[in-house]
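Please keep the sequence and the structure open beside the text while reading.

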Amino acid sequence: MPNTTPKKARFDFDGDGKSDIAVFRPSDGVWYLNQSTDGLKYRQWGFPTDRPAAADVDFDGKTDIGIFRDGTWHALTSASDSHYYMCLGNAGDRPLVGYNQEFGANRDFSASRGSRNGNINWFIRIGYTNCWINNQQPSPNLVVGESTSDVPVVGDFNGDSLDEIGYFRDGSWAGADTTGSAAPTSFQWGISGDVPVPGDYDGDRQTDYAVFRPSTGVWWVNGSSIGAFAVRFGISSDIPVPADYDGDGKTDIAVYRDGQWWQLLVGTGNVQVANWGIAGDIPIPAQNQ
């Protein structure tokens, strides 16, 4: 029987099945969380030069505060305030977080993407491994044809419950399975200047190809079950922050605008507006962009 259970919501810091509104403020290194069930939370965790990399590092179903700093990852678990750390990647790499629900197990994976000897390499670990030794890096993964200027993307585009790694280039998408067991994926969706915003907008457990077009404020979504649709939602300076804010298993269309969150709930068509953060904050649901 196919697995029809909705995947867990990303950026769910309190484990209630809904994505939470959250920002990292580089000016003071503080995380400001507005959790849908557990309420407000503030934690200092990071330096102004750190990049947010929130993930469920202890596999308890809750997203944990995390940062990437020059090849080291530091996380503060929500359950016990434990410090998890690992060595993965080098200074200058790009941190990304993916998801693996293979065989029903809930596992986030961490990926460090960077250039090595002229090639783009992805280094991946499931969860956090407490090691500092640089020569214990995992073997690199490659996406054929990827270049430094491409936009990295992560998502389960083939519906196997394991996120693939890949890139977006001027409307062309390419992906590779992290285990090497599935065939590479490719798709044409979007144009030059679009921002890739992959997500499961139709709730079928498969990541949909989607872009936000700043020039027009339109979202173009190619739903794997319901087909293509377009919605005007946002302005050119907005940061897209798609996530499942109402916990219905569908990625919602949303933008962040200098501390204001605009959300279009895909399942109901309702619009929600919330104020959380200030100009210069980094919205956590955009950490993979």
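Q: Is Phe 11 buried or exposed?
A: Buried is taken as under 20% relative accessible area, exposed as over 50%, and partly exposed as anything in between, with a 1.4 Å probe and protein chains only. Phe 11 is found in the segment before β1, where helices (H or I, at least four residues) and strands (E, at least two) are DSSP runs numbered from the N terminus. With a relative accessible area of 11%, Phe 11 is therefore buried.

This is a predicted model, in which local features need pLDDT of at least 70 and side-chain atom pairs count only at pLDDT 80 or more, while totals for chains, interfaces and linings use all residues. Residues are numbered from 1 along each chain as its sequence is written, and side-chain values use heavy atoms, with hydrogens and water left out.

Q: Which residues of the largest nonpolar core touch the most other members?
A: A nonpolar core is a set of buried Ala, Val, Leu, Ile, Met, Phe, Trp, Tyr and Cys residues joined through side-chain atoms within 4.5 Å. The largest one has 25 residues, and the elements that give two or more residues to this core are β1 (21-25), β2 (30-35), β5 (65-69) and β20 (253-257). The members that touch the most others are Phe 13, Trp 31, Val 241, Tyr 245, Trp 261 and Ile 284.

Q: Which residues are in contact with Tyr 245, leaving aside its neighbours within four places in sequence?
A: Contact means heavy atoms within 4.5 Å, and Tyr 245 belongs to the largest nonpolar core. Once its neighbours within four places in sequence are left aside, the contacts of Tyr 245 are Lys 18, Ser 19, Asp 20, Ile 21, Asp 252, Ala 254, Trp 261, Gln 263, Leu 265 and Pro 285.

Q: Which residue meets Asp 81 in a salt bridge?
A: A salt bridge is a side-chain nitrogen of Lys or Arg within 4 Å of a carboxyl oxygen of Asp or Glu; here the N to O value is 3.0 Å. The pair links distant parts of the chain, with Asp 81 in the loop between β6 and β7 and its partner in strand β3 (residues 39-44), 38 residues apart. Asp 81 counts as partly exposed at 40% relative accessibility, and its partner is Arg 43.

Q: Which residue meets Glu 146 in a salt bridge?
A: The N to O value for this pair is 2.7 Å, and the two residues are 33 residues apart, with Glu 146 in the loop between β10 (119-126) and β11 (151-155) and its partner in strand β9. Glu 146 is buried, with a relative accessible area of 11%. The partner, also buried, with a relative accessible area of 8%, is Arg 113.

Q: Is the pair of Phe 187 and Tyr 209 stacked or tilted?
A: Rings of Phe, Tyr and Trp (its six-membered ring) pair if their centres lie within 6.5 Å, and planes under 30 degrees apart count as stacked, over 60 as edge-to-face and the rest as tilted. Phe 187 lies in strand β14 and Tyr 209 in strand β16, so the pair ties together parts that are 22 residues apart in sequence. The centres of the two rings are 4.4 Å apart and their planes at 10°, so the pair is stacked.

Q: Which residue lies over the face of Tyr 32?
A: A charge sits over a ring if NZ of Lys or CZ of Arg is within 6 Å of the ring centre and within 35 degrees of the ring normal. The charge over Tyr 32 is at 4.1 Å from the ring centre, and the residue is Arg 25.
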